[in-house]
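Student: Could you take me closely through one part of this model, the protein surface around the RNA, and tell me which residues and elements make it up?

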Amino acid sequence: MKFQAPRGTEDILPGKSEVWKWLEDTFRRVAERYAFAEIRTPTFEDIELFKRTAGETSDVVQKEMYDFIDKGGRHIALKPEGTAPVVRAYLENNLGGQGQITKLYYIMALYRYGRPQKGRLRELHQTGVELIGSSQPDGDAEVIELTTRFYEEIGLHDLVVTVNSIGETECRNRYREALLEFAQPILLDMKPDERAKCEKNPLRLLDTKSEDLKAKLVDAPDIREYLEADSQEHFEKVLDRLDALRVSYRVDSRLVRGLDYYTRTVFEVESSELGSQSALCGGGRYDKLIEQLGGPPTPAVGVAMGIERAILVLEALGRNPSGLTGIEAFFVCLTEDRNRFAQILQMVRKEGCKIDSDLEFRSAKSQFRQADKSGAQFAVVIGDDELTTGAAKIKNLKNGEESTVPMASISNAIRGSKQ
RNA sequence: GCGACGGUAGCUCAGUGGUAGAGCACCUGACUGUGGCUCAGGGGGUCGCGGGUUCAAUCCCCGUUCGUCGCCCCA
């Protein structure tokens, strides 16, 4: 019996885990600069939390949840998205008392039972922020700017944000009807299940990938003509702020999002490097969600970014994040006195150096080969001669120069020349 | 969940109805304590898993699993 990782999951191995660490560190740094604080929520929640919020028409909830009945008879779901759990925690812990603004960020694993593909795993990871308590367009803009800031800092330039406003519930309902009416003839030649989906949520029509369908929809009504004055004004202010911050964006009235709780501003970033899983991140305002979960009416806006997808884009562009960890020195053992040798390693490690050595009693030649491959700048030679004189030989592997330093100054010698 | 294609050494892949190969990587050696180049030698694969056809299958058939691409959906 050979075990393998469950379908749609992956191991993140050394060589790649460094990129993950770097990406997460960068995200934390950026989010904290905007005064967001980290929140961590449980891996699983009461399934109702997601049913209540993500919407009946959303596939994420309809068919992609990992759910089970636990031993106490509770119906549990592994979280398929991050916003609902964060809002649940926000309400449960009274984070936002008295009209405060709460800024939270997260890095979490999510679970969606779909057919796996590159860039679409069953266990996926997202970073995101939620800005809760402000209805001002300034919040929308700050979240969008933070998002572009993050992508800039991981070396993804020239990404364009697509933004749209889908207004409040009422105007969206009116629009929905108008669109449905326009689309009647189109719906007639669709397959029954596809048609049912579109009839239930006509907005789905808009983000189709079918060129054919797109062509039929060129003259479809435009949602922005249905926006109520407040939403329209809000949207304009967001765009004005993005202009002022020099965030490049594209307005696309066809952009709608898959989760039902969005209101007003929605946005996403795509990359052409990603094939059919092109979205790098998605977000927007969700002013009604908190009420839906039993809280006081509280406006909020947030974004979720796919970590795997960001990494795929970096790989596709051939970016190799530099400055990743490696060892500083490789210690070559040429004495039978392995205890003394180990003590020296212990000392240097206590002093904070990242070092390695051969554990297999291999030849000097082999040890130097390992030193070379390790990428370390130095090989430190400890043999019987060195033990008697109390001074190690340090070889700079880049230029071949050798010098002799007292045992006590090995770490200084390694570090000293680092800058 | 639907359709198509794929799974051979650590990696990238070739190959044939008679139980397998290359390149790279790895290990050892080329005068006793010195790497990156070169040369010589070496280890390593139940050819995804299970069943069937056959005298015989890695190669044919069926099933299954995992992946890739598209759809769906989304991050």
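**The surface around RNA strand B**

Tutor: Of the 48 residues around RNA strand B, the ones that come nearest are Arg 112, Lys 197, Arg 204, Arg 257 and Asp 372, where a residue is near a strand if one of its heavy atoms lies within 4 Å of it. This is a predicted model, in which local features need pLDDT of at least 70 and side-chain atom pairs count only at pLDDT 80 or more, while totals for chains, interfaces and linings use all residues. Residues are numbered from 1 along each chain as its sequence is written, chains are lettered from A and ligands numbered from 1 in the order in which they are written, and side-chain values use heavy atoms, with hydrogens and water left out.

By residue type, the surface near RNA strand B divides into 23 charged, 14 polar and 11 nonpolar residues; here Asp, Glu, Lys and Arg count as charged, Ala, Val, Leu, Ile, Met, Phe, Trp, Tyr, Cys and Pro as nonpolar, and the others, Gly among them, as polar.

A phosphate oxygen of RNA strand B is 3.0 Å from an N or O atom in the side chain of Lys 373, a sugar or linking oxygen is 3.1 Å from a polar backbone atom of Cys 281, and a base nitrogen lies 3.2 Å from a polar side-chain atom of Glu 402. The elements that give two or more residues to this surface are β6, β10 (279–285), β11 (300–306), α13 (364–374), α14 (384–389) and β15 (391–396), with helices (H or I, at least four residues) and strands (E, at least two) taken as DSSP runs numbered from the N terminus. The largest share, 6 residues, comes from α13.

Arg 112, one of the residues that come nearest to the RNA, is also touched by Arg 122, contact meaning heavy atoms within 4.5 Å. Arg 122 lies in the loop between β5 (102–111) and β6 (123–132), and a polar atom of the Arg 122 side chain lies 2.9 Å from the backbone oxygen of Gly 114.

Conventions: A polar contact is a pair of N or O atoms within 3.5 Å; within protein, one must be able to donate a hydrogen and the other to accept it, and residues adjacent in sequence count only if both atoms are side-chain atoms. Lists of a residue's contacts leave out its neighbours within four places in sequence.
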